[in-house]
Amino acid sequence: MAHRQHQISTPDATQTRRIASRLPASLMASVASGLLLGACSWIPGSHLVGISETAAPAGGSIGTVVADEPQAALVGHDVLARGGNAADAATATALALGVTLPSRASYGGGGACLISRPGEAAQSISFLPRPGTSKGADRPAGTPASFRGLYLMQLHYGTVEFNDLIAPALNLASTGITVSRALATDLAAVHTALLADENARAIFGRGEANTLAAGDSLAQPRLAGFLERIRVAGVGDLYNGALADVYVTAAQKAGGGLNDDDMRQTLPVQTDALTTHQGGINAAFLAPPADGGLGAAIRYTTGASAQGAVAAWRASGNTTLAAAQAALDSGHSGNGSLPSLPASTSFVVTDHSGMAVACALSENNLFGTGRIAGSTGVVLSASPARTPQPLLSAAILRDQRNLRAVIAASGQNEAANAVGDAARAAAHDAPIPHEGAGRINAIVCHGDDSCHGVTDPRAAGLAAGTTNDSAH
């Protein structure tokens, strides 16, 4: 395991008692024992994470985070400001999105991340939900894949203990968030179906027939209990331990059809990224099984339809990185169309050392199955056996010396086209386009210390970037 430089301080006793008093009974015993161990936890108040200040860069950019949901972007930026690297900040951002944007990034879902460090081959990590295999499910669910995927990325690339990066999300779930425009829009889109589930209504409802609106407060104590259990017992507990049993039982009661073997078999996949070299720019893209990266890469290299390329890829039955790289190198785009694809969200991160991470997350439907996994407070993802795979798309561009752009997108069927078009623009120092249904989050650089975040002006995201001027 990589050496972990930074630690979070122990929890405030009053905060600990207050959170513990609100946890559901099914998680209470395990969480209570874990709180006594308390080597690391959250810091209550405005600072969500307390990483050693000594590792923060003395001058220049400390990095940038761009995400669809502002509170999650600020969590990631706080990690950078306190000395964490891009992998640490990306992990914290993704975990925060599970609290602040559970419509698209719940812990019941999954996604893919593209990671690049200067002088190293870019890597693609996919962590996609598996379909439940138990019979009789009336609302089939997918397995929760995010924790294993994020853990793998942070283990290989991070500098902070993974459990410490759970702390900001736990704090948000317990003390409450302000419902953002992004979450409020999603709630309004599915409010009738969502309110039909009693557990979902208890979390997201406001009155008998309405959902929470932008500006409302949302506390999720059951979700806080779930996060505390993982913080204490480890990620493996969700897949092989007592928490797996709790989750499976809750999913069964919610009609999800998950079982213990489904949880154990939920494994992330790490490979080299898809790559192409044009005009002095090395471009890396997410690799299959996140095949939106192939569509974005073909759009970038040829200008052809990303949807057509992915439709041809899926019809071919190929699944390997070698086959995808060959398809990209051949320059043949393919024809075909895709059905209506699930919603997703994306974010991008850079740090002062030039590391970059771009991620896309989904639960295979807006609010997944629309049901909650009981006392865990987790929104169950929809089964991938019942829905088409989302287009998870991201790209990272470098020239011979510096990072040029980090790009990810949502926008359902248009996500891969949007990434390809943005990458083409960045390679030619043109403004990032914001056209069509795709929604871009990007960081564009002119030298590693002069990067700026780009959000889609039609959305409600946030670009959080800071320069530490203490050396000047």
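Modeller: This is a predicted model. The protein exposes about 16,700 Å², and carbon and sulfur atoms supply 50% of that area.

Biologist: What share of the residues in the protein is buried?
Modeller: A residue counts as buried when its relative accessible area is under 20%. Applied to the 472 residues of the protein, which contains 17 helices and 17 strands, that criterion gives a buried share of 60%.

Biologist: How many disulfides does a search of the whole structure find, and what is the pairing of the bonded cysteines in sequence order?
Modeller: The search returns two disulfides. One is formed by Cys113 and Cys359, with their sulfur atoms 2.1 Å apart, and another joins Cys445 to Cys451 with an S to S distance of 2.0 Å. When the bonded cysteines are numbered in sequence order, the pairing reads 1-2, 3-4.

Biologist: How many residues apart in sequence are the parts that the pair of Cys113 and Cys359 ties together?
Modeller: Both cysteines are buried, and their link is right-handed, with 110 degrees about the S-S bond. Cys113 belongs to strand 2 (residues 110–116) and Cys359 to strand 12 (residues 356–362), so the parts tied together by this pair are separated in sequence by 246 residues.

Biologist: Is Cys451 buried or exposed?
Modeller: The torsion about the S-S bond of Cys445 and Cys451 is about 110 degrees, so this disulfide is right-handed. Cys445 has a relative accessibility of 1% and therefore counts as buried. For Cys451 the value is 19%, and because the limit for that class is under 20%, Cys451 counts as buried.

Biologist: Which strand is joined to strand 2 by seven bridges?
Modeller: Strand 2 pairs in the antiparallel sense with strand 3 (residues 123–127), but over five bridges, with Phe127 as the bridge partner of Gly111. In the other pairing, which is also antiparallel, Ser116 has Ala356 as its bridge partner. The strand joined to strand 2 by seven bridges is strand 12.

Biologist: Which residue in the turn between strand 2 and strand 3 has a positive phi?
Modeller: The two strands form a hairpin with six residues between them. Within that turn, the residue with a positive phi, of about 80 degrees, is Gly119.

Biologist: How many of the residues of strand 2 are buried?
Modeller: In a regular strand the side chains alternate between the two faces of the sheet. On one side of strand 2, Gly110, Ala112, Leu114 and Ser116 are buried, and on the other Gly111, Cys113 and Ile115 are buried, so that both faces are covered. Strand 2 is therefore largely enclosed by the rest of the structure, the buried count among its seven residues being seven.

Biologist: How far apart are the end C-alpha atoms of helix 6, and how many of its residues are buried?
Modeller: At 1.5 Å a residue, the twelve residues of helix 6 (residues 146–157) should span 16 Å, which agrees with the 16 Å between its end C-alpha atoms. The helix is mostly covered, with Phe147, Leu150 and Tyr157 among its buried residues. The buried count, out of twelve, is nine.

Biologist: Is Gln220 buried or exposed?
Modeller: Gln220 lies in the loop between strand 7 (217–218) and helix 10 (221–233). Not counting residues up to four places away in sequence, Gln220 touches Val99, Ala173 and Ile203. With a relative accessible area of 5%, Gln220 is buried.

Key: Residues are numbered from 1 along each chain as its sequence is written. This is a predicted model: local features need pLDDT of at least 70, side-chain atom pairs count only at pLDDT 80 or more; totals for chains, interfaces and linings use all residues. Side-chain values use heavy atoms; hydrogens and water are left out. A disulfide is a pair of cysteine sulfur atoms within 2.5 Å. Helices (H or I, at least four residues) and strands (E, at least two) are DSSP runs, numbered from the N terminus. Buried means under 20% relative accessible area, exposed over 50%, partly exposed in between (1.4 Å probe, protein chains only). Accessible areas come from the Shrake-Rupley method with a 1.4 Å probe; for residues, only the protein chains shown count as cover. The expected span of a helix is 1.5 Å times one less than its number of residues. Two strands pair if DSSP finds at least two bridges between them. Contact means heavy atoms within 4.5 Å.
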